[in-house]
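Subject: Structure handover

Hello,

Here is the structure for your files. My notes come after it.

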Amino acid sequence: MNGRQWGRTWGIGLAGAALSGCAAHGSEPPAARTAAAAESRASQLAADLAAADTAFEAQDRPALVAALTRITRRSARPLDPGAPDPVPLWRAAVPGDVPPLRGRALGPGYVRGTLAPGAATQLEQLFLSGQAATVAANSRPRDDLRLRLYDAAGKLVCERAPASARDCRFTPVFTQRYRIELNNAGAASAHYYLVVD
């Protein structure tokens, strides 16, 4: 085999490897893979919390273990330590299958809640000047929850409808309290997870 033939064979081999690499991702378009990779830590946590909730109700042990493992790796913590936290209940349902929690959680904070059709709730959160912040939400059903974020003066900073479509990322100029509002525009109750990072 001469150098030119070897070069053609090598090129065909690389093209085949590239095609088989695309096949390994299934029929998922490149844009979808890029969007998934660009998801923030807050968005991923909100999705994992909703997935764990669904798996727990469906008694799907493998899915619950997978979601809890991801939640544990993110060092998530409840925003309100006094509010009911579903994670210990989920962990108790799969004893020994999830890595233990170690040390103090320093990761994103989350809140769990339920909104009746047409209902709304709000939460105030302090964000520090110059520090990038992310607010994300996910819910069941997924498409009916609306997220709005207002600064201390009442100016709308971010709006997402549905809330799970994209997160709100911003860097406050001043340290101030922001108001986070969630609204259920659907005909059924929405079980939601709100994440602040």
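Below are the notes on the cores and on one helix pair.

This is a predicted model, where local features need pLDDT of at least 70, side-chain atom pairs count only at pLDDT 80 or more, and totals for chains, interfaces and linings use all residues. Residues are numbered from 1 along each chain as its sequence is written, and side-chain values use heavy atoms, with hydrogens and water left out.

Cores. The largest nonpolar core has 21 residues. (A nonpolar core is a set of buried Ala, Val, Leu, Ile, Met, Phe, Trp, Tyr and Cys residues joined through side-chain atoms within 4.5 Å; buried means under 20% relative accessible area, with a 1.4 Å probe and protein chains only.) Leu-49 and Trp-90 touch the most other members. At least two residues each come from α3 (41-58), α4 (61-73), α5 (86-93) and β9 (190-196). (Helices are DSSP runs of H or I, at least four residues, and strands are runs of E, at least two, numbered from the N terminus.) α3 gives the most, with seven residues. A separate core has 18 residues, including Leu-115 and Val-135.

Trp-90. Beyond neighbours within four places in sequence, Trp-90 is in contact with Leu-49, Ala-52, Asp-53, Phe-56, Leu-64, Leu-68, Ile-71 and Tyr-193. (Contact means heavy atoms within 4.5 Å.)

Helix pair. α3 and α4 pack at about 150 degrees, axes 8 Å apart. (Axes are lines fitted to C-alpha atoms over the stretch in contact; angles run from 0 to 180 degrees between N-to-C directions.) That makes the two helices roughly antiparallel (over 145 degrees). The α3 side of the contact includes Leu-45 and Asp-48; the α4 side includes Ala-63 and Arg-70.

Best regards

Note on methods
Buried means under 20% relative accessible area, exposed over 50%, partly exposed in between (1.4 Å probe, protein chains only). Angles under 35 degrees count as roughly parallel, over 145 as roughly antiparallel, 65 to 115 as roughly perpendicular and the rest as oblique.
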